[in-house]
Amino acid sequence: MIALFAGLAMAQGFLDGDPLEDCAPRVIAGTPGVAVTQQATRTNAQIYGAVALAEDTLLPLDGVPVSFRASNIYNVNRLPTVAACRYGQRYGMAAMDMFATSAGAAIPFKVGEEGELRIVYAGSITGTLMHFPSHTWANNRVFSSEAMAFAGIGLGYAPFLAPLIDRESGPQTVAADGMLGLQFFNPWDPELGALSLGYVYSSGLYSNVSVAKLKVLASALLTQELSELAMAKLGFYGIVAAEVLGRSHLYVRRKLIEPPTADQTVAPQQQITLLAPRVDLHTVHYEQRNIGGWVDIDVTGAMTPRVFLHEGWLGVHDPTHMVDVRVGVTELPALPWYGIDGGRKLSYDIRAVYGFVSLSRNDADTLTNFPYAQDAIHLQFGVSSEAIQALRDARNP
Amino acid sequence: MEPDQVCSDVGFAISARTMECTGDPDLAAARDAALTRDYRCEVRSVEDVPIDRYYHCPIAVYDLGCKAVERNGDDLDLWLEASWVCDVILTPKGAE
C-alpha cells in the first residue's frame, strides 16, 4: 500500500504547483491517446464487469453463491492535457485511471429428485477517472478512485438499474452492465458440467458452458466473453510429479492485442477490415506451485510476435495462502501504435487474505489487457478465481 | 510534458493508422521508426506556442482515412501534409 501511494505521488507531476482550484484542465481531443482511452474503457468493462465476475466466481462448478469485487487500475494511460490556470497556461500528460465494481449471486433450486438449476445475476459499474492535484481532501487520487469502486458494490446487486447509469464526459466515463441468467446442470452427473443461458444488458443473449476442471483444460475457449477477448488456454493443470515439488501447470495461451480504433474517421464500409489488424501474443507458461509448501516459480516465454521472456516470477507464501508475495519481471514487445517502446519492467504482486486483497504493479495480465499502460498499479478487493483457488489450496494443501 | 512529446505523438498517430488500416505490425513499427530516424523535432519548449496548436499535426494525421493511408504509403512527407503545423514541428534531418 505504501508503494502504491509513493508510486502515485511520483507519477502525479502535472499541475503539482497549480491545483485544480486554480486551473481548468481539459484533455486535447482527437489525439490517438483519446482513442486508446475509449478502447481501455471497453476492455475494463469486459474484464472486470458483471459477466466476468459471473464467469470467474459464480458460474464455475466450484464457484461461490455470493460474490463481489472492487478493482482499480492506476496509470492505464497518459493524455496530453492543457490547463487554463490563474497564472497562465500549463501543459502536461495527465494520468488516467480505471475503476470497476461488480457484485452478483447464484441462487440454487432443486428440480425434481436429482436436477438442479441456479438463477444467476450480476451487475457492474465501470469507468474512467482523471485526477489533478487539489487542495480538497475528497479529490485525493487514491481516495476518490477507491470510493468510486466501493460505492458501486451496492448498485451491482441491482443490475436492472444499468440503463440509468451510463454517463460520459470527455475521457471520464461511467457505464453500468447487468446480466440475468439460468444455469442448468447435467442431470445425469451435475459435477460434470453446466449450461448457462441469459441476457446481458450490454451485449444481448449470453451462453456459457462450464466444464469440470480436468487435467487437460480448454474451458476458456467455450465462454462467450472470453472468446470476444480472444484469449485461449490449452495445457496441463495440477500435475504432481513428486510431493515435495508441489504442482506443475504447463499450458500455452493465445492473446490478441487489438490496436486503437479511430471510430469517428472510418467509413462503415471500411470498418469490416478493422477486425483483422491484431497482434497475436502466443505464450508458453510453466508454473511450479507450492514447492516445499512455500515457494512458487512461474516462467512464461513468448513465441510470437517474437521470442522473448514474457514474465518470470519468484513467489513465497505461507502454507495456508493467507499471504502470497511475488516479485519478477515482465516484458512486452514494442507497440508503437500505442506509443509504447516495450522492454522489461520490474513487477510485484502481493495477495493477502487468500487473495481477497491484491496489489500488483506491471503484472503481465494487466499489461497485456492494457498494453498502452506505462506503469500500471492494480488494486483489487473481493472474490476472484484466484481467491477461490487459494481457499481450495488452503483446505487441501 | 517533454517538449518532443507532440512529435512522438505524430509517430504514434502514423503507426496507429498504419496498424488499423493494414493490420501489419512490422510496417506500423517501421514507419514510426522512420519518422524518428529521418525527422528532427523542432519543439524546444511547450511554453513558446500553446501546445494544443502543435497538436493539430498528430490529430490531423490520426484523422486520415484508410484510402489516404494507402496513398501515403512509406512517404512520410505525404503523411505530414495532413496539417501545415507538421512542417513547423518536424523537419527532415539534413535539411537547412
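1. Let's start with confidence. Chain A has an average pLDDT of 77, and 76% of its residues reach at least 70; pLDDT is the predictor's confidence in each residue, on a scale from 0 to 100. Two stretches of chain A fall below 50: residues 214-230, with 30 contacts beyond near neighbours in sequence, and residues 263-277, with 14 such contacts. A contact here means two residues whose C-beta atoms, placed from the backbone, lie within 7 Å.

2. A word on how to read this note. This is a predicted model, in which local features need pLDDT of at least 70 and side-chain atom pairs count only at pLDDT 80 or more, while totals for chains, interfaces and linings use all residues. Residues are numbered from 1 along each chain as its sequence is written, and chains are lettered from A and ligands numbered from 1 in the order in which they are written.

3. Now the overall make-up of chain A. You will find eight helices and 18 strands in it; these are DSSP runs numbered from the N terminus, with H or I and at least four residues for helices, E and at least two for strands. Of the 397 residues in chain A, 41% are buried. A residue is buried with 20 or more other C-beta atoms within 10 Å of its own, exposed with 12 or fewer, and partly exposed in between, the C-beta atoms being placed from the backbone. Among contacts joining residues at least 6 apart in sequence, 59% link residues at least 24 apart.

4. Next, the nonpolar cores (sets of buried Ala, Val, Leu, Ile, Met, Phe, Trp, Tyr and Cys residues joined through C-beta atoms within 7 Å). The largest has 90 residues, and the members touching the most others are A54(A), A122(A), V10(B), C57(B) and V61(B). Strand β3 of chain A (residues 88-111) contributes the most to this core, with nine residues. A second, separate core has five residues, among them I125(A), L155(A), A175(A) and A176(A).

5. Have a look at helix α3 of chain A, residues 50-58. It is mostly covered, as nine of its nine residues are buried. The buried residues include A50(A), A54(A), E55(A) and D56(A).

6. How are helices α1 and α2 of chain B packed? Helix α1 (residues 5-22) and helix α2 (residues 25-38) meet at an angle of about 160°, with axes 8 Å apart. The axes are lines fitted to C-alpha atoms over the stretch in contact, and angles run from 0 to 180 degrees between N-to-C directions. The two helices, α1(B) and α2(B), are therefore roughly antiparallel, a label for angles over 145 degrees. On the α1(B) side, the residues in contact include V10(B), G11(B) and I14(B); on the α2(B) side, they include P25(B), L27(B) and A28(B).

7. G315(A) sits in strand β14 (residues 308-317) of chain A. Is G315(A) buried or exposed? It is buried, with 20 other C-beta atoms within 10 Å. Leaving out residues up to four places away in sequence, G315(A) touches V295(A), D296(A), D324(A), V325(A) and R326(A).

8. Finally, a backbone detail. Most residues other than glycine have a negative phi. V353(A), not a glycine, has a positive phi of about 50°, and Y354(A), also not a glycine, has a positive phi of about 60°. V353(A) lies in the loop between β16 (343-352) and β17 (357-361) of chain A, and Y354(A) is found in the loop between β16 and β17 too. V353(A) is partly exposed, with 13 other C-beta atoms within 10 Å, whereas Y354(A) counts as buried, with 22 C-beta neighbours inside 10 Å.

Note on methods. Angles under 35 degrees count as roughly parallel, over 145 as roughly antiparallel, 65 to 115 as roughly perpendicular and the rest as oblique.
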